[in-house]
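Subject: A structure for you to look at

Hi there,

I am passing on a structure that I have been going through, and I hope you enjoy exploring it. Please open it alongside this message; my notes follow below.

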Amino acid sequence: DRPRPFQTWPRPPVPRAALRRRLSVLSGAASRPVPWRRRPIAFLCYVLSVGALRPLAKRVALYRSFPTRLLSRAWGRLNGVELPTWLRKPVYSLYIWTFGVNMQEAAVEDLIHYRNLGEFFRRRLKPAVRPLCANSCLISPADGKILHFGQVKNSEVEQVKGVTYSLENFLGPQKGRENDSSSSFRDRLLSSPDNDLFHVVVYLAPGDYHCFHSPTNWKVELRRHFPGSLLSVNPGVARLVKELFCLNERVALTGQWQHGFFSLTAVGATNVGSIRVYFDQELQTNVPRYSKGSFHDRSYVAADNLLSKAAGKGGVASGEGEGVVLQKGAAVGEFNLGSTIVLLFEAPKDFSFNLQAGQRIRVGEGLGSL
């Protein structure tokens, strides 16, 4: 008899897609590569979030102990070094590719024109690429991403979802309003019981346009400079460091608009120690020494001969020391690299934002309407 051939049984169907998903869950998707351009931020968030190393409070304290101000000053020196002509194009091209810079909007597209990194960071735009929204009373002061917006409640403001900071710590005491101890700090800012206090936070990434503009027609009465830390304001870090915006160096411009109180605050960050306000040549940020918790005021309301000289770019000094009048869309200042702009303003209670958290926005686009 001939031997019987080996009998094969049909294979059961294997759900390959389901198997891949199961393996991905078991591995925690840890093997998925991080895009090259996101690795520095991913590494920073990893250092702050690995629970096996040490408690969260100690990790945050370790990060806060980094000499970020010294590093930022060193970065500023590096930004001012003039590059050889042959090196400019490859260096700037690498930066453009890494952070997705749109050079078609730049007033000067020729990379050889920019003598150093600082000039490239502070590049100007073509006049027609940022039209102002005529239908909105409030426009975006900068290119960036909307981190948070809404009404200010209980004198607390959200820097990212679920993480708040004190409005009083952020702005400091307000002249003529702190005497009324029976009401909250938020209520003392309001000029009318029919109004409410609103806020919006715009995050500028390293590849964004770094100048900031006036979001409406208003009058700046006070500049308050808070020396401080220069921690990263990336949303991943902002979720871990409470009151990050109150810790970092910042320049707050406060005054009045048609509905009452209005403020624009430029918040510094790592490598963004240089914050410049065009109409205030006395402002110097990221100085080597400062007193923790201190702030320095300059009033534009008092008569000042220097005011009229300094208010030629972006601001117009009103007569008799009544403040600096800013027109909607006027250039106000600039950052070195990227950072954050925080708007806090009084408006009627029916003011509504036309925004979504996380959306991209550009200078001149409407923020909300009445």
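Let me start with an annotation: UniProt, in an unreviewed entry, places the feature "modified residue: Pyruvic acid (Ser)" at Ser339. UniProt positions are given here in the numbering used in this email, with feature names shortened, and annotations may be inferred rather than shown by experiment.

Before going further, please note that this is a predicted model, in which local features need pLDDT of at least 70, side-chain atom pairs count only at pLDDT 80 or more, and totals for chains, interfaces and linings use all residues. Residues are numbered from 1 along each chain as its sequence is written, and side-chain values use heavy atoms, leaving out hydrogens and water.

Back to serine 339. Its place is in the loop between strand S14 (331–335) and strand S15 (340–348). (Helices, H or I with at least four residues, and strands, E with at least two, are DSSP runs numbered from the N terminus.) Serine 339 counts as buried because its relative accessibility is 0%; buried means under 20% relative accessible area, exposed over 50%, and partly exposed in between, with a 1.4 Å probe and protein chains only.

The unreviewed UniProt entry also has an "active site" annotation, covering Asp143, His213 and Ser339. These residues are spread over 197 residues of sequence, yet they cluster in space, with a largest C-alpha distance of 14.1 Å. Histidine 213 lies in strand S6 (residues 211–213) and is buried, because its relative accessible area is 11%. Leaving aside residues up to four places away in sequence, histidine 213 touches Pro141, Leu264, Gly329, Ala330, Ala331, Val332 and Val363, where contact means heavy atoms within 4.5 Å.

Three strands make an open, antiparallel sheet in the order S1-S18-S16. Strand S1 (138–139) and strand S16 (352–353) stand at the edges with a single partner strand each, so one side of each has no neighbour in the sheet. S16 pairs with strand S18 (residues 366–369) in the antiparallel sense over two bridges, and two strands count as paired if DSSP finds at least two bridges between them. Phenylalanine 353 stands opposite glycine 368 in S18.

Helix H5 (residues 85–99) is worth a look too. The buried residues of H5 are Arg88, Tyr92, Tyr95, Ile96 and Thr98. They cover an arc of only 165° around the axis, which puts them on the same side of H5; the arc is that of the directions from the helix axis to the C-beta atoms. Exposed residues Trp86 and Lys89 are on the face turned away from that buried side. Helix H6 (117–121) is included in what covers the buried residues of H5. After H5 comes glycine 100, with a positive phi near 65°.

Finally, the largest nonpolar core has 35 residues, and Phe279, Ile341 and Phe345 have the most contacts inside it. Such a core is a set of buried Ala, Val, Leu, Ile, Met, Phe, Trp, Tyr and Cys residues joined through side-chain atoms within 4.5 Å.

Happy exploring!
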